[in-house]
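I opened my notebook today to go through a few spots one by one. Here is what I looked up, in the order I went.

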Amino acid sequence: MRSLSFRVPCLVSALVVLGGCERQEKPPAPTRSEPAPVKASTPAPVTPSRSTTEQELRERLRCEALLGLSELLAGQQAHFGEKDAWTADVTRLPTPAACADGSRVPATDGPWLAGCHFRYAVSVAGSMPDDSTFSVRAVGVGGLAEGLTYTLTHGYADRKLVRVWPSELVLEDCHGVRRPEGTPLAAPVCEGAFNLKALFTAEKSYFGEKDRYSESAAQLGFLPEPCLDGSRAPVPDDTWIGGCRFIYRAEVSGTAPEQTFLLTARGMSGPVVEQKLTLDSQYTWSPADPGCAP
């Protein structure tokens, strides 16, 4: 089926900054103790805080659901890019991560995907590419996860992009949390790094076709992913394009075909505010390449 003119082909995965289950503890900072007289004292009794432990566990569960929904969102976007259609066939979508020990929630009858503490169901509404949506429902199974349900809806309505993200799942709450399978998370700055690499590839591809570079994101087919709720970082003018926490710009110098370019990512919110990354046409980073693994 012919691709739609209103869709932009270059999308960067929403998984750049996501995470899931086990909180990483920071080592205590070294301290210097001054000599002091020793005084006898009776320590206060320590009462275990059940509520704090439960709060931590619930936070990990929310982050697991956030990661699972975002992985399925990215899988649906990849499928739509190839087929101009969403899919309800879960075998064509990525399988959510298992727990660190390899276990998953029990399988059930019907088209469900099993993760660590959640099952995921997928449905599609509508049949036309420009007027169809899909929904993913995450359902918690067992323990504190029992009864937790989160639903993501994404797609097009009358050729307009729509996304409904569960408001309880907040990306910022998941920094410092590991994925369910225990692998480390990408640092927040990696959102900017991944998108600069995508923009670099788009520039080189455009040059291969046109013998020149471009400062237009639309011409390059570059559209960074928004935040999970569909919002984007505000831009100061139309030379920039917004992603989630970063905004991006391409600057071209020289006369074609003897041209160079400089790509910039500027952090606008959260832990990356005021951070700046640049990447030039010789693949030189400033500051150094953050070393973000895909």
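**Entry 1: the disulfides**

I began with cysteine 227 and cysteine 244, which form a disulfide with sulfur atoms 2.1 Å apart. This is a predicted model, so I read everything here as computed. The link of cysteine 227 and cysteine 244 is right-handed, with 95° about the S-S bond. Cysteine 227 sits in the loop between strand S7 (222-223) and strand S8 (241-242), and cysteine 244 in the loop between S8 and strand S9 (246-255), so the pair ties together parts 17 residues apart in sequence. I then checked burial: cysteine 227 has a relative accessible area of 16% and is buried, and cysteine 244 is buried at 8%.

How many disulfides does the structure hold? I found 3. Cysteine 190 and cysteine 292 form one of them, their sulfur atoms 2.0 Å apart. The torsion about the S-S bond of cysteine 190 and cysteine 292 is about -85°, so I noted this disulfide as left-handed. Cysteine 190 lies in helix H2 and cysteine 292 in the segment after strand S12 (285-286), so parts 102 residues apart in sequence are tied together. Both cysteine 190 and cysteine 292 are buried.

Cysteine 99 and cysteine 116 also form a disulfide, with 1.9 Å between the sulfur atoms. Cysteine 99 lies in the loop between H1 and S2, and cysteine 116 in the loop between S2 and S3, so the pair ties together parts 17 residues apart in sequence. With a torsion of about 95° about the S-S bond of cysteine 99 and cysteine 116, I put this one down as right-handed. Cysteine 99 and cysteine 116 are both buried.

**Entry 2: arginine 104**

Next I went to arginine 104, in the loop between helix H1 (50-83) and strand S2 (112-114). Its relative accessibility is 39%, so I call arginine 104 partly exposed. Beyond four places in sequence, arginine 104 touches several residues, including Cys116. Where does its side chain make polar contacts? A polar atom of the arginine 104 side chain lies 2.6 Å from the backbone oxygen of proline 96, and one lies 2.7 Å from the backbone oxygen of alanine 114.

**Entry 3: the strands alongside**

From alanine 114 I moved across to arginine 119 in S3, which stands opposite. S2 pairs with strand S3 (residues 118-125) in the antiparallel sense over 3 bridges, and a hairpin of 3 residues joins S2 to S3. S3 also pairs with strand S4 (residues 133-140), antiparallel over 8 bridges. There I found arginine 137 in S4 as the bridge partner of alanine 121.

How values were computed
Residues numbered from 1 in each chain as written. Predicted model: local features only at pLDDT ≥ 70, side-chain atom pairs only at ≥ 80, totals over all residues. Heavy atoms only, no water. Helix = DSSP H or I, 4+ residues; strand = E, 2+ residues; numbered from the N terminus. Buried < 20%, exposed > 50% of the residue type's maximum accessible area, 1.4 Å probe, protein only. Contact = heavy atoms within 4.5 Å. Polar contact = N/O pair within 3.5 Å; in protein donor to acceptor, adjacent residues only side chain to side chain. Pairing = 2+ DSSP bridges. Disulfide = S-S within 2.5 Å.
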